[in-house]
Amino acid sequence: MTSIDVQSLTKEYGSRKAVDHLTFTVRPGLVTGFLGPNGAGKSTTMRLVLGLDRPTSGSATVGGRPYPALREPLRHVGALLDAQAAHGSRTGRDHLCVLAASNRIPQRRVDEVLAETGLASVARRRVKTYSLGMRQRLGIAAALLGEPEVVMLDEPSNGLDPEGIIWIRALLRRLAGEGRTVLVSSHLMNETASFADHLVVLGRGRLLADTPMREFIDARVQPRVRIRTTDATALKSALARHGHDVVEHENGHWTVDHARVDDIGRLASAAGVPLLELAQEEGTLEQAYLDLTGTETEFTTQTQEA
Amino acid sequence: MEFTPALHSEWLKIRTLRSLVGGLAAVLLATAMFSALAGADSEGADFDPLFSVFFGVSFGQIAAIAFGTTAMSSEFRGGALRIALTAVPRRGRWFAAKAVAIAVPVLVVGLVTGGVSLAVGEAVLGAKADGLTWGEELRAVVGCGVYLTLMALLAAGLTAVLRSGVATLSMVIPFLLIVSFVIGDMSGSVADVLPDRAGQVVFHETWDGVLGPWSGLAVTGLWAGAALLLGAWRVRRRDA
């Protein structure tokens, strides 16, 4: 099995550190979400892994070897960096044929990935006639061409229509299910939450978190209970008696922080408060992410000690 | 990674761009057309029938240079170089494949151009071309192929150094059109070792400089080689 190993990777552009002593491993069989604001160093890290940029110090390897040392690398690693990079005057199919030829990938794979990405009908049109979403699909087709064990996609849902976004979600899940190593960068939290098992979070070039997604959220966002009732006063006093704070929201529902539905439901029932709605609110990735970036300095110190 | 798949891929890149295939056709057309036109004006004391027949090379070379430039510069637009180097991460090998993929088609087209130019030029000149020997004709035809190839490689190398086709063309074309023409008459000076002047000795029946037909092409080859080495060095060193 092939993983991506990044070891105290540092890249400086002049005096600016784009990537700062980054160490993490992307493991096979999982979709790893690569998060961070624009300019956090996600794309730079991917370029360093692919040997396109030279690190100032540290190393990045795929399956234990530096990318440039791989024989026929497209058969090991498939990457989408920039969907605009394909030459506009070439047809989509020719673009893939050029890539296939360089790594002795059979022609039939070109037609397979074109069908898989839904581009078969436009394969013989020039890339400059493609929409942003079609270019994105072509970039993904190129990444899948060599049936690689490692797939690395930079913002793959850019420009995709809703149908395309659902498609890419399923594709990423399938690739991980097949045991491949999948690293997907994004700055869209809800999108990432829909496909990622594991998270690597960067902020200003440094590693902020490297944890399973569920743990990441649970550690940062307290669960709370959402209630609607016809008798707000009774609800408030019943909960206050048991030490729960109730917060009223604009559209008429109430929330109780640090609480579980099992407890609140019993309390309300015992107090005879009529309930219209009772639900557990799970923390979202977005909340957890904002919590993390809010306490960024503190958290960074902790991970470096670990 | 081996060289052959990289070369195959680079050749496909050229074949699948219409502008590049068109550029190769332009080499043949421009050369033959201007060689025919030159034959119409065959007076004067320093008339050289061989140079008249191959006069069009001065124009055809612009198409060859444009071809070499465009073939290389398409890799420096957007993230194209990243895609290329992700497929072939050994940069030296990639650059060599690119250079060969540019050189071979220009050489083939250049040799055909030489042959066509000879036929057209001699037909226009008629009896005035009778003095040309078989050896001179063969030399010029082969020279035509080699010269155009070297000029295309020079342009490709410069493009990799400058990372821009526009910069290369705006440097090389004025150079060919102005510098060479202006200081071109000063024989025996630095002008003789300029890439175009040196290489074009091969199209003359007689020459009076230090450089002969083959040593002249060798000088052009040195220019092209230097440009390619610089280009390769820059591709290897720089972040893609």
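This is a predicted model: local features need pLDDT of at least 70, side-chain atom pairs count only at pLDDT 80 or more; totals for chains, interfaces and linings use all residues.

Mentor: An unreviewed UniProt entry annotates residues 4–229 of chain A as "domain: ABC transporter". Chain A as a whole has 11 helices and 13 strands. Its C-alpha atoms fill a box of roughly 75 × 50 × 35 Å along the principal axes. Of the 306 residues in chain A, 45% are buried. Considering contacts in chain A between residues at least 6 apart in sequence, 71% join residues at least 24 apart.

Helix α2 of chain A (residues 92–102) and helix α3 of chain A (residues 107–116) have axes that come within 9 Å and cross at roughly 135 degrees. An angle of 65 to 115 degrees would count as roughly perpendicular and one over 145 as roughly antiparallel; α2(A) and α3(A) are therefore oblique to each other. The crossing of α2(A) past α3(A) is right-handed. On the α2(A) side the contact is made by A:R93, A:L96, A:C97 and A:A100, and on the α3(A) side by A:Q107, A:R109, A:V110, A:V113 and A:L114. Sorted by class, the residues in this contact of α2(A) with α3(A) are six nonpolar, one polar and two charged. The spacing of such positions has a simple background. An α-helix has 3.6 residues a turn, so residues three or four places apart point the same way.

We come now to the contact between the chains, to which chain A gives 27 residues and chain B gives 25 residues. On the side of chain B that touches chain A, at least two residues each come from α1 (3–15), α2 (18–39) and α5 (80–87) of chain B. That side of chain B divides into 12 nonpolar, eight polar and five charged residues.

Seven of its eight residues are buried, so α5(B) is largely enclosed by the rest of the structure. The buried residues are B:L81, B:R82, B:I83, B:A84, B:L85, B:T86 and B:A87. Their cover includes β5 (77–80) and α2 of chain A, as well as α1 and α6 (91–125) of chain B.

Elsewhere in chain B, B:T70 lies in helix α4 (residues 57–73) of chain B. B:T70 has 22 C-beta neighbours inside 10 Å and therefore counts as buried. Leaving aside residues up to four places away in sequence, B:T70 touches B:S19, B:L20, B:G23 and B:G165. B:T70 and B:S164 are separated by 94 residues in sequence, while their C-alpha atoms are 9.2 Å apart.

Lastly, the record also covers chain B. The unreviewed UniProt entry lists residues 50–74, 95–120, 140–162, 169–191 and 211–233 of chain B under "transmembrane region". Among them, residues 140–162 of chain B are 100% helix and 0% strand in the model, with end C-alpha atoms 32 Å apart. Residues 211–233 of chain B are 91% helix and 0% strand, and their end C-alpha atoms are 30 Å apart.

Notes:
Residues are numbered from 1 along each chain as its sequence is written. Chains are lettered from A and ligands numbered from 1 in the order in which they are written. Two residues are in contact if their C-beta atoms, placed from the backbone, lie within 7 Å. Helices (H or I, at least four residues) and strands (E, at least two) are DSSP runs, numbered from the N terminus. Ala, Val, Leu, Ile, Met, Phe, Trp, Tyr, Cys and Pro count as nonpolar, Asp, Glu, Lys and Arg as charged, and the others, Gly among them, as polar. Axes are lines fitted to C-alpha atoms, for helices over the stretch in contact, and angles run from 0 to 180 degrees between N-to-C directions. Angles under 35 degrees count as roughly parallel, over 145 as roughly antiparallel, 65 to 115 as roughly perpendicular and the rest as oblique. A crossing is left-handed if the near helix is turned anticlockwise from the far one by less than a right angle, and right-handed if clockwise. UniProt positions are given in the numbering used here, feature names are shortened, and annotations may be inferred rather than shown by experiment. A residue is buried if 20 or more other C-beta atoms lie within 10 Å of its own, exposed if 12 or fewer, and partly exposed in between; C-beta atoms are placed from the backbone.
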